[in-house]
Amino acid sequence: MADKKAVNNAAAKPEEAKTEKKAKKADNGKKKVPFTTKVKNFFGRIIKYFRDTKSELKKVVWPSKKDIRTNTITVLVVVAIAAVSLILIDLAFGGIIQLLIGA
């Protein structure tokens, strides 16, 4: 008799588990939120983003005019040196290719 009860309980448990899983999938653990609340949350997040951005921009240390001038000149010099180097390398390899091809 005890064996029959154990078999019946074991057979009933998978069915209960299936119905619980279906209920969890359908509910997915989330409550239904009204549309107006969603809209308020959306615009609230946008406002928070702009407030946070404004506060972060207040913390920025902007470079002085002298720093900007120095950095700009440095960049222009490095770009010019790189351009001249690439032109010279291109001419050298082009000359080597022309010697090999014999054109």
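Me: What makes Lys-59 and Glu-56 a salt bridge?
Reply: The term asks for a side-chain nitrogen of Lys or Arg within 4 Å of a carboxyl oxygen of Asp or Glu. The side chains of Lys-59 and Glu-56 meet at 3.4 Å, N to O, so the pair qualifies. Keep in mind that this is a predicted model, where local features need pLDDT of at least 70, side-chain atom pairs count only at pLDDT 80 or more, and totals for chains, interfaces and linings use all residues. Residues are numbered from 1 along each chain as its sequence is written, and side-chain values use heavy atoms, with hydrogens and water left out.

Me: Where do Lys-59 and Glu-56 lie?
Reply: Both are in helix α2, three residues apart, about one turn of the helix. An α-helix has 3.6 residues a turn, so residues three or four places apart point the same way. Helices here are DSSP runs (H or I, at least four residues; strands are E, at least two), numbered from the N terminus.

Me: Why is Lys-59 called exposed, and what is Glu-56 called?
Reply: Buried means under 20% relative accessible area, exposed over 50%, and partly exposed in between (1.4 Å probe, protein chains only). Lys-59 has 59%, so it counts as exposed. Glu-56 has 45%, which means partly exposed.

Me: How many salt bridges does the structure hold?
Reply: It holds two. Besides the pair above, Lys-48 and Asp-52 meet at 2.9 Å, N to O. Lys-48 and Asp-52 are four residues apart in helix α2 (residues 35–59), so they are separated by about one helical turn. Asp-52 has a relative accessible area of 36%, and is therefore partly exposed.

Me: Why are Phe-42 and Phe-43 called an edge-to-face pair?
Reply: Rings of Phe, Tyr and Trp (its six-membered ring) pair if their centres lie within 6.5 Å; planes under 30 degrees apart count as stacked, over 60 as edge-to-face and the rest as tilted. By this rule there are two aromatic pairs. The rings of Phe-42 and Phe-43 have centres 5.2 Å apart and planes at 70°, so they are edge-to-face. Tyr-49 and Phe-50 form an edge-to-face pair as well, at 5.3 Å centre to centre with 75° between the planes.

Me: How do you know that the reach of helix α3 is close to what is expected?
Reply: The expected span is 1.5 Å times one less than the number of residues. Helix α3 (residues 65–101) has 37 residues and reaches 53 Å from its first C-alpha to its last, against 54 Å expected. Just after α3, Gly-102 takes a positive phi of about 85°.

Me: What is the place of Ile-97, and what makes its group of residues a patch?
Reply: Ile-97 is in helix α3. With Leu-86, Ile-89, Phe-93, Ile-96, Leu-100 and Ile-101 it forms a nonpolar surface patch. Patch residues have over 30% relative accessible area and no salt bridge; like charges are joined within 9 Å, nonpolar side chains (Val, Leu, Ile, Met, Phe, Trp, Tyr) within 5 Å. Ile-97 has 45%, so it passes that accessibility cut-off.

Me: Where is confidence lowest and highest?
Reply: pLDDT is the predictor's confidence in each residue, from 0 to 100. The lowest mean is 56, in helix α1 (residues 2–27), and the highest is 97, in α3.

Key. Areas by Shrake-Rupley, 256 points an atom, 1.4 Å probe, with all protein chains shown as cover.
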